[in-house]
Amino acid sequence: MEINTYTFTVLNDGTVPLTGITLSEVSFNGNGSSPSLTTCNSGAPATPLNPGDDYSCQATYTLVGADKVASTTISNTARVVGTYDTDLTVSDEDSA
């Protein structure tokens, strides 16, 4: 059994604290079920996530037969969203 482990690290590289942080899958091209977050450091992200602080989560995906036959690179994209000043939203996404 082959398992891919994805680590998502959210870094507040801005100048204001962020609250209401969510991390979600945007796209995944594997042939099995999309990975789901399995472990996050210290449970939920600290509120607020202060400038310079980070937060990490991991997700795992078990390769299925069709992934091996296709011989393609499996790509996974996640998006993080946070709020500052009560109602202003910032977001970012990245692929692995």
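The model is predicted: local features need pLDDT of at least 70, side-chain atom pairs count only at pLDDT 80 or more, and totals for chains, interfaces and linings use all residues. Residues are numbered from 1 along each chain as its sequence is written, and side-chain values use heavy atoms, without hydrogens and water.

**Exercise 1.** Work out the strand order of the open sheet and find its edges.

*Solution.* Start with the order: three strands run β1-β4-β3, with antiparallel pairing. Strands are DSSP runs of E, at least two residues, numbered from the N terminus. They pair if DSSP finds at least two bridges between them. β1 and β3 (36-40) each have a single partner strand, so they stand at the edges. Next, the twist: it averages 30 degrees from one strand to the next.

**Exercise 2.** Classify the aromatic pair found in a search of the whole structure.

*Solution.* Rings of Phe, Tyr and Trp (its six-membered ring) pair if their centres lie within 6.5 Å; planes under 30 degrees apart are stacked, over 60 edge-to-face, the rest tilted. The ring centres of phenylalanine 28 and tyrosine 61 are 4.7 Å apart and the planes are at 70 degrees, so the pair is edge-to-face. Phenylalanine 28 lies in β2 and tyrosine 61 in β4 (residues 54-62), so the pair ties together parts 33 residues apart in sequence. Now check burial (under 20% relative accessible area, 1.4 Å probe, protein chains only). Phenylalanine 28 is buried at 16%. Tyrosine 61 is buried at 2%.

How values were computed: Helix = DSSP H or I, 4+ residues; strand = E, 2+ residues; numbered from the N terminus. Buried < 20%, exposed > 50% of the residue type's maximum accessible area, 1.4 Å probe, protein only. Axes fitted to C-alpha atoms, helices over the stretch in contact; angles between N-to-C directions.
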